[in-house]
Amino acid sequence: MLKIGFVVNGKKGRQKRLQQEFKKLIHTSQHLDIVVKETSAIGDATVIAMNLADSGCTHIIAVGGDGTLNETVNGVKKSTKPHCHVGMLTYGTANDFARTIRAPKSLKKLLQLIEKGSSKKLDLGLIEQKVGDLTYTRYFINIADLGIGAEVVKRVNGSSKVFGSDITFFGAIVRTFFSYTNQPVLCEADNWKWEGKINSLVIANGRYFGSGLCIAPEADPCDGKFSIMISGDIGLSDYLKNVAKIRKGKVLDHPKVEYKVARKLRITSPSL
């Protein structure tokens, strides 16, 4: 019997929505062992996913957005039994990785794929950050970025989502530009090096972030390498002039924007 664990982001009554979908599929799911766990705080999904994997789940499904998926992946990697399948249901504010892999949008379709044994191997990124004598590690499945992105996410997480994810992210990006200072970095790969001030340095496994911004149009989460986008010492006007092109997945022709490829990066900065 397949044992499927669902890690449900506790915001906005997502567990209630999931249970309603289960009721519609009661006959389909009777032969499946289903475990549903709900988060109540940041970091819960990592612990829940680790425990579900340890308990022998064959599949663990992140129910929420990109943040829930990221925590779930890290939880599975921490497990003593990390060889289960990880999937997602797109119930979140931003579901950017789902756009790249074309994840199923309904519980019915997801369960059908699980029963058919449908799965695909994907790349994972590993971040190692050295602080003094300690090294902290964390995995990412979609995108890791340095620069303005982290400040934008903080604003989004503290904002109301009443107007939807696109407007929420756009507003957060514009407001952050007014307070953010571009930072100096040195980025070294196997066959190239880049040094200067960045607004954003994106290490992409998937193509999208920021609720539909196709920041890395050539990224492929199955090719064993990262697609790198370096946005140098730019300002708000540069972003506003090019945001429509980014949404359409176009490669930008801009003197302070560069695209590169790497399997491994070493990034240093006096600001880190």
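Visitor: How many bridges join strand 13 to strand 14?
Guide: Strand 13 (residues 226–231) and strand 14 run antiparallel. Strands (E, at least two residues) and helices (H or I, at least four residues) are DSSP runs, numbered from the N terminus. Two strands pair if DSSP finds at least two bridges between them. For strand 13 and strand 14, the number of bridges is six.

Visitor: What kind of model is this?
Guide: Residues are numbered from 1 along each chain as its sequence is written, and side-chain values use heavy atoms, with hydrogens and water left out. Local features need pLDDT of at least 70, side-chain atom pairs count only at pLDDT 80 or more, and totals for chains, interfaces and linings use all residues; the model is predicted.

Visitor: In what order do the strands of the three-stranded open sheet stand?
Guide: The pairing in this sheet is antiparallel, and six bridges join strand 8 (residues 183–188) to strand 9. Leu-186 stands opposite Glu-195 in strand 9. The edges are strand 9 (193–198) and strand 15 (266–268), each pairing on one side only. The order is 9-8-15.

Visitor: How many residues of strand 3 are buried?
Guide: Buried means under 20% relative accessible area, exposed means over 50%, and partly exposed lies in between (1.4 Å probe, protein chains only). His-59, Ile-61 and Val-63 point one way from strand 3, while Ile-60, Ala-62 and Gly-64 point the other way, and all are buried. Out of the six residues of strand 3 (residues 59–64), the buried number is six.

Visitor: Which residue in strand 4 is the bridge partner of Ala-62?
Guide: Strand 3 pairs with strand 1 (residues 3–8) in the parallel sense over five bridges, and Ala-62 is the partner of Val-7 there. Strand 3 also pairs in the parallel sense with strand 4 (residues 85–90), over six bridges. In strand 4, the partner of Ala-62 is Met-88.

Visitor: Is helix 7 roughly parallel or roughly antiparallel to helix 8?
Guide: The axes of helix 7 (residues 165–179) and helix 8 (residues 236–247) come within 11 Å and cross at roughly 155 degrees. Angles under 35 degrees count as roughly parallel, over 145 as roughly antiparallel, 65 to 115 as roughly perpendicular and the rest as oblique. Therefore helix 7 is, relative to helix 8, roughly antiparallel.

Visitor: How many charged residues has the contact of helix 7 with helix 8?
Guide: Contact means heavy atoms within 4.5 Å, and the residues making it include Asp-166 and Phe-170 of helix 7 and Tyr-239 and Arg-247 of helix 8. Ala, Val, Leu, Ile, Met, Phe, Trp, Tyr, Cys and Pro count as nonpolar, Asp, Glu, Lys and Arg as charged, and the others, Gly among them, as polar. The contact has eight nonpolar residues and no polar ones, and its number of charged residues is two.

Visitor: Is helix 2 roughly parallel or oblique to helix 3?
Guide: Helix 2 (residues 44–54) and helix 3 (residues 66–78) pack at an angle of about 40 degrees, with their axes 7 Å apart. This angle means that helix 2 is, relative to helix 3, oblique.

Visitor: Is Ser-211 buried or exposed?
Guide: Ser-211 has a positive phi of about 65 degrees although it is not a glycine. Ser-211 is in the loop between strand 11 (208–209) and strand 12 (213–214). The relative accessible area of Ser-211 is 0%, so this residue is buried.

Visitor: Is Arg-102 buried or exposed?
Guide: Arg-102 is not a glycine, and its phi is positive, near 55 degrees. Arg-102 is in the loop between helix 4 (96–101) and helix 5 (107–115). The relative accessibility of Arg-102 is 76%, so this residue counts as exposed.

How values were computed
Axes fitted to C-alpha atoms, helices over the stretch in contact; angles between N-to-C directions.
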